[in-house]
Amino acid sequence: MSMAGRMPEPYGQGGSANLADILERVLDKGIVIAGDIRINLLDIELLTIKLRLIVASVDKAKEMGIDWWEDDPALSTRARRDELTRENAELRERLARLEPGRTQEHKEPG
């Protein structure tokens, strides 16, 4: 028996769907995979791991209200800049309280 006789038929009617087509569909619609892992010993819960995976395009994720990467300093230059600006302001305030006369002399124009 030849190998071709045992192979599954191509996806779809008129031909095969390539990986790019499938990926485009998944990103357009989005897909959620969720699961929990619990480890119990004598009915005592020792460990719970909750897994949530969402695969979607950025536009679809924003449509669903998911945009955490925009506020993560490790992923967003704007968020990192905002964090540094906030940290700088806090440090200036602390310095002003510690050395009130000195910080007024060296204050940068705002």
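**View 1. The side chain of Ser76 meets the backbone of Arg78.** In this predicted model, the side chain of Ser76 comes to 3.4 Å from the backbone nitrogen of Arg78. To find Ser76, look at the loop that links helix H2 (58–63) with helix H3 (77–98). Ser76 has a relative accessibility of 13%, so it counts as buried, the cut-off being under 20%. Leaving aside residues up to four places away in sequence, Ser76 is in contact with Trp69 and Glu70.

View 2. Strand E2 provides the largest share, with five residues. Ile44 counts as exposed because its relative accessible area is 51%, and exposed means over 50%.

View 3. Staying with strand E2 (residues 44–55), we now turn to Leu53. If residues up to four places away in sequence are set aside, Leu53 touches Ile31, Val32 and Ile33. Take Ile31 as an example: 22 residues separate it from Leu53 in sequence, while their C-alpha atoms are 8.2 Å apart in space. Is Leu53 buried, exposed or partly exposed? Its relative accessibility is 43%, so Leu53 counts as partly exposed.

Terms used: Residues numbered from 1 in each chain as written. Predicted model: local features only at pLDDT ≥ 70, side-chain atom pairs only at ≥ 80, totals over all residues. Heavy atoms only, no water. Helix = DSSP H or I, 4+ residues; strand = E, 2+ residues; numbered from the N terminus. Buried < 20%, exposed > 50% of the residue type's maximum accessible area, 1.4 Å probe, protein only. Contact = heavy atoms within 4.5 Å. Polar contact = N/O pair within 3.5 Å; in protein donor to acceptor, adjacent residues only side chain to side chain.
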